Amino acid sequence: MQPGLSFEQAPPISVPFRFFLTAPLFGMAAGLLLLWQGPAALASRWTSVALALTHLLAVGFMLQAMCGAMLQMLPVAAGANIWQPRRVTQLTHAGLTLGTLLLLAGFLAEQALFFRIAVPFMTVSLGAFALIVLIALFRTPAQGPTIIALRIAVFGLIVTITLGATLATGFGWQLALPLTEITHVHAAWGLGGWSMLLVAGVAYLVVPMFQLTPPYPAWLTRSFSITLFFLLTAWSLTWLPLQRPDDLQVALACAAALLAVVFAVVTLRLQGQRRRKVSDPTLLFWRLAMVCLVVAAFAVILQQMNPAEEDYVGTPFLLGALLMVGVFMPVISGMLYKIMPFLNWMHLQKIGKPGLVVPNMRQMIPEPRMMMQFRLHLAALLLLLGAVPLPFLVYPGGLALIASCIWLEWNLIVAARNFARFSRELEERLAAAEQSG
Amino acid sequence: MSEERTIDGRGLMPPEPMELTLAALDTLPDGEELLLLLYVEPQPLYGILKQNGYTHRSQTRPDGTVEIYIRKA
C-alpha cells in the first residue's frame, strides 16, 4: 500500500456532503406536508399541495442528492474536471435549497412574488450548474456509454429547467401560457430525460462495481440513452399546438415506458447473476427501485391506452409515489450508502502514510442501521400506494416517509462523524509516529 | 504475464482492487507490467497513476472485461 499516492482529483469532502445531508430534510418536509394535508394531497395533480409535494421530492430530495453526486462523480469516475468547484458547489447548493423553499412557498401561499424571485434565482444557479457540468462532460478524455448517458441527462436537465422557468414565469406574471402541455413535457424530461438517464449512466458503472454483477450488455448501453432521448424528443413535439397526433403520442409514450422496462429487467437479471450472493442494503434498494420501475412503466402504458382513466384522481398520485418514492428515492439512498463510505475511505487515504492502515469502508455506517432505513422506506412506499384506494393510509404513509428520511439523515451524519473521528485518529497516530521516529 | 503480476478485481468490492493495485505497484520492478482486470475503466486510479509517474493502457475484451496494463513511465 502506498497511501502517499495523490488523490488530488477529488474535490473536498464537504462538497458532496452538504448536498447529501440536505436532501433528507426535504423528504421529511414532504412527509409533514402529507400529514398536514391528509387525503386532500391525493385529490388531483394540479392542486398547490400536490405541486408543492412533487417539488419537495423532485427538487428538494432528488435533484439535491443528484447534483451533489454529479459534482463528486465527474472528477472521480469520469475524469471530468469542474470549473471552480467550490463556487459552483455553493451556488448550486444555494439554488437548490432556497429554490425548493421558494417553490414551496409559491405553491402553498399561491403568491406570485415567490415565483418572481424563484425564476431568476433558480435559472441562474441551476442553469450555471448544468452548463458547467455539460462542458466538463464534453471536455473529458473519458469515453463510453456512461459519459454519453450523462451528457444526454444533463441536456435533459437543461430542458427541464427551461420549461420549469417558463411555467414559474407564467405563475409569477400571470401570463397566458399553455400550462398543462408545458407541465406534461417538463415532468417527462425531469423524470425521464434527466433522472432516468442519470440513473442508467450511473448504473452502467456502479451496478457491476458495487453489486458484483456481470457488466451491462453492450446492446443495451449502446442504444438505451440515445433511444430514450429520441422518443422523448418526438413525444414532446407532439404537444406543440398543432393538430395533435393522439395515436402517435400514445405510441411514443408507451415505447418510452417499454424501454424503461427493458432497462429494469436487464438490471434485475444482472443482480440475479451476481457473484457473491450476499444481500446488502444498496442491492435491496436498487432491486426495489427496478421492480417499481417495471410497475410504474406498465401503469403509464395502461393509462395511455385508456385515456378516459386519466382523470381518475388516484392515477397521478400512484405514478408519483411509484416513481419518486419507489424508484428514485431508493436508488439515491442505496447510492449514498456506497458513495459516503467510499468518499470517507478515499479522503482518509490522503491523510495516511505507509504503514498506517485506513479504516475499512464497512466501518463507516453500520449495516443494521441501513437495513432499518430500507424497511422504513419500504413501509412508506407500501402505505402511500395503499393510500390510493384507502386514503386514510396517507397518514401512516407520511409518518413512515418522515421516519425513513430521519433514519437516512442520521446514517449520513454517522458517516460524516466517523470521517471526522477517523481522520483525527489517523493524524494523531501520524504525529506519534513522527515523534517516535 | 506471470500470475503474481495480475490482479483480478472483477469479483472484489471497491476499493479492494485499488488497494491491491497500489500495493502491487510498490513492489513492481522497473520495466515490468502489472495487469489489472475490471469491469470498468478505473478513472480514480488513472489520476493517481498519472500523478505518480506510471503509464497505463487499456483494452476491452468482448465480455466487457477491461484489461489495464500499468508500468513505470
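After α5(A) comes A:Gln174, a residue with a positive phi, near 45°.

Stepping back to the chain as a whole, the fold of chain A is built with 12 helices and zero strands. Read along the sequence, that gives the pattern α-α-α-α-α-α-α-α-α-α-α-α. The C-alpha trace of chain A spans about 80 × 45 × 40 Å along its principal axes. As for the radius of gyration, a compact globule of 437 residues would come out near 22 Å, and chain A has 22 Å, so the two agree. Some 51% of the 437 residues of chain A count as buried. Among contacts in chain A with a separation of 6 or more, 78% are between residues 24 or more positions apart.

Chain A is also divided into domains. Domain 1 covers residues 27-117, while domain 2 is put together from 279-291, 307-343 and 360-408. Taken over C-alpha atoms, the centres of domain 1 and domain 2 of chain A are separated by 17 Å. Where the two touch, 22 residues of domain 1 of chain A are in contact with 25 residues of domain 2 of chain A. On the domain 1 side, α1 (14-37) and α2 of chain A each supply at least two residues. The most comes from α2(A), with eight residues. By class, that side of domain 1 of chain A has 15 nonpolar, six polar and one charged residues.

Next comes the meeting of the two chains. Here 23 residues of chain A are in contact with 20 residues of chain B. On the chain A side, α2 (48-78), α6 (179-211) and α10 (314-351) each supply at least two residues. The largest share of that side, four residues, comes from α6(A). The residues of the side of chain A that touches chain B split into 16 nonpolar, five polar and two charged.

Finally, a word on confidence. The model scores ipTM 0.71 and pTM 0.91. Chain B averages a pLDDT of 84, with 95% of the residues scoring at least 70. Where pLDDT is low, the predicted coordinates should not be read in detail.

Note on methods. Residues numbered from 1 in each chain as written. Chains lettered and ligands numbered in written order. Predicted model: local features only at pLDDT ≥ 70, side-chain atom pairs only at ≥ 80, totals over all residues. Contact = placed C-beta atoms within 7 Å. Nonpolar A, V, L, I, M, F, W, Y, C, P; charged D, E, K, R; others polar. Rg over C-alpha atoms; globule rule 2.2 N^0.38 Å. Buried ≥ 20, exposed ≤ 12 C-beta atoms within 10 Å, placed from the backbone. pLDDT = per-residue confidence, 0-100. Domains from an automatic or database assignment.
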